[in-house]
Amino acid sequence: MGDVDILVSEVGPRDGLQSIGTVMPLEAKKAWIDAEAAAGVREIEVGSFVPAKLLPQLADTTELVAHARTIPGLTVAVLVPNAKGAEAAIRAGAHKLTLPLSVSETHSLANLRRTHDQVIDEAVTIARLIQALPPAERPHFEGSLSTVFGCTLEGTIPDAQIARLAALLMDAGCDEVGLSDTTGYANPATVRRIIALVRDVVGDEALTGIHLHNTRGLGLANALAALECGLTTLDASLGGLGGCPFAPGASGNIVTEDLVFMLEAMGLRTGIDIERLLSVRKIVAAALPGEELYGFLPDAKLPLGFVHAKNLEYV
Ligand code: ZN
């Protein structure tokens, strides 16, 4: 990754906004994305190609992809629930497509209205769409194992089922698989265990990222466990946006500002300027009146003498 050690992937415009009722105006979303990219964020999940009647909050994803593509050096990521969404994402010019596959079949049926076999069929179709493109135009294709740390409907999912689905995603033609703690059930020990389990199946190169929630307050502890296992991409949401209806006071996704502070304080380069990142909150707060933004660093501020990781060698 060149000048960064850890890629922080901002998912607020997708995961954050999809879980709140307010529809953020397109111009505010653009200003948010612009400001985060200017702060040094290298990858932003700008939306999801789901029908607008299901998620009106994300109805402008096509326009956002077009806008975000004009920002030099930014990887424009989107979620796609199926091959139809992937077609739209490819047409729009997204750089990275993530297809969620809930390892809990009950959750998959409730959320995507599809069985595991049906989701794998969609993955095969998406991989074929991508392969049909000229090599330079092919987006990166990730299959995300959601509810992999447990499901609110089924509880713990058997290891053998997780391993089988990881293998099927890679066989279908995904470039890599990711792990997603959709329900906030993970703890540092299960993060280590599931990473080892999935790596055994797909290899180290095909598992680099994790998507964590802070529902039970273990988000950063889980992020640290993933780092210690060698994962290099961490999803996070500005202000932990989205919240969680089941856990008042807890943010939804892990908070980008707090995560970047932890990484930079540990000497890991993210490429992100923390002061500039903190100022992005004003844009989001102004566009979402009454919506709670989370995070410790925004209140506590940087410690006296704090130095970004890239400057550490000079002090
Ligand atoms: Zn999420």
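This report walks through a barrel, a pair of helices and a zinc site.

The model is predicted: local features need pLDDT of at least 70, side-chain atom pairs count only at pLDDT 80 or more, and totals for chains, interfaces and linings use all residues. Residues are numbered from 1 along each chain as its sequence is written, and side-chain values use heavy atoms, with hydrogens and water left out.

Let's start with the barrel. Eight strands form a closed barrel in the order β1-β2-β3-β4-β5-β6-β7-β8, with parallel pairing. Here, strands are DSSP runs of E with at least two residues, helices are runs of H or I with at least four, and both are numbered from the N terminus. Two strands pair if DSSP finds at least two bridges between them. Strands β1 and β8 run parallel and are joined by four bridges; Val8, for instance, has Leu234 in β8 as its bridge partner.

Contact means heavy atoms within 4.5 Å.

| Helix | Residues | Residues in the α8–α9 contact |
|---|---|---|
| α8 | 188–202 | Pro188, Val191, Arg192, Ile195 |
| α9 | 219–228 | Ala221, Asn222, Ala225, Ala226, Glu228 |

Finally, which residues coordinate the zinc ion? They are Asp15 (OD), His211 (NE2) and His213 (NE2), at 1.9 to 2.1 Å. Donors are N, O and S atoms within 2.8 Å of the metal (3.2 Å for Na, K and Ca); water is not among the atoms, so sites may look incomplete. Along the sequence, the donor residues follow the spacing D-x195-H-x1-H. Both His211 and His213 are buried, meaning under 20% relative accessible area with a 1.4 Å probe, protein chains only.

Note on methods: Axes fitted to C-alpha atoms, helices over the stretch in contact; angles between N-to-C directions. Buried < 20%, exposed > 50% of the residue type's maximum accessible area, 1.4 Å probe, protein only.
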